[in-house]
Amino acid sequence: MKRRLFLKKSILAAGAVTLADSTVWAKGPKEPTLFTLPELGYGYDALDPLIDAQTMEIHHSKHHAAYVSNLNKALIENHKQIGSIEDLCKNISLYNTTIRNNAGGHYNHSFFWKLLKTTDYTEPIGEFAEAITKQFGHISKFSTLVKKTGINHFGSGWVWVIVNSKREIEIGSLPNQDNPLMNIAEQQLKGTPILAIDVWEHAYYLKHQNNRIKYLSEISGAINWEYVNSLYLAAIK
Ligand code: MN3
């Protein structure tokens, strides 16, 4: 028993580098899957000056890392056996608030890092741009709506663009680390996420202080719109 506890602690400590997201703990059927902090796939300074290097480093190596570590700890304490982070979010009503907050934190940030990259495009492109134009009249109307949703969101949370069950594009915001995959009864925004913008102050405070409007105005240039288009295409299939 002592050895198992020791193993648990060592695995937790080493978790960030040694275990893949899909790794199921080999010690028995009751042991939970452990999650790891994903690599960004680019340098902390890659988005500078749109998002500065220090913000990226703290956001990834401190904030996101804490969600991963707290999620693993909570899953071990609760002896929860789960699969992927997406499955965990889709069944989140079965879990406690600590797991909901940290599972959301892990999924949302993992998704967010993949959405960021400076490219030649600073606004939606491809079939996604066509769909936006059809649904909202003009790309600028969509962009304004996304920005307004972020400005009007009270407190911490995320702006989401999803494809809903009617295959329509929907814009909304959710509090804290909730996301549109979660099976939370009272939550209205449900579907396949194709864009997410972190509007927690830790996402912009070092550069913009309290000015969320400025952050939201600049971030379009740091979005990988090619990737968003590919997510849109996959979501409407
Ligand atoms: Mn964040």
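User: Which residues touch the most other members of the largest nonpolar core?

Analyst: Happy to start there, keeping in mind that this is a predicted model. The largest nonpolar core holds 63 residues. Helix H4, residues 97-115, gives the most to this core, with seven residues. The members that touch the most others are Leu88, Leu116, Phe128 and Phe142.

User: What does Phe142 touch, leaving out residues up to four places away in sequence?

Analyst: Phe142 is one of the core members with the most contacts to other members. With residues up to four places away set aside, its partners are Pro124, Phe128, Ile132, Phe136, Val161, Ile169, Ile171 and Trp225.

User: How many helices and strands does the chain have?

Analyst: Let's walk along from the N terminus, where the elements run α-α-α-α-α-α-β-β-β-α-α-α. In total, that comes to nine helices and three strands.

User: Which residues coordinate the manganese ion?

Analyst: Along the chain, the donors follow the spacing H-x49-H-x88-D-x3-H. His59 lies in helix H2 (residues 53-77) and Asp198 in strand S3 (residues 192-198), so this pair ties together parts that are 139 residues apart in sequence. Both His59 and Asp198 are buried. At 2.0 to 2.1 Å, the coordinating residues and atoms are His59 (NE2), His109 (NE2), Asp198 (OD) and His202 (NE2).

User: Is Ala196 buried or exposed?

Analyst: Ala196 is found in strand S3. Leaving out residues up to four places away in sequence, Ala196 touches Phe111, Phe112, Leu115, Trp158, Val159 and Trp160. Its relative accessibility is 0%, and because buried means under 20%, Ala196 counts as buried.

User: How far apart in space are Ala196 and Val228?

Analyst: Val228 is one of the H9 residues in the contact with H5, while Ala196 sits in strand S3. The two are 32 residues apart in sequence, and their C-alpha to C-alpha separation in space is 9.9 Å.

Key:
Residues are numbered from 1 along each chain as its sequence is written. This is a predicted model: local features need pLDDT of at least 70, side-chain atom pairs count only at pLDDT 80 or more; totals for chains, interfaces and linings use all residues. Side-chain values use heavy atoms; hydrogens and water are left out. A nonpolar core is a set of buried Ala, Val, Leu, Ile, Met, Phe, Trp, Tyr and Cys residues joined through side-chain atoms within 4.5 Å. Buried means under 20% relative accessible area, exposed over 50%, partly exposed in between (1.4 Å probe, protein chains only). Helices (H or I, at least four residues) and strands (E, at least two) are DSSP runs, numbered from the N terminus. Contact means heavy atoms within 4.5 Å. Donors are N, O and S atoms within 2.8 Å of the metal (3.2 Å for Na, K and Ca); water is not among the atoms, so sites may look incomplete.
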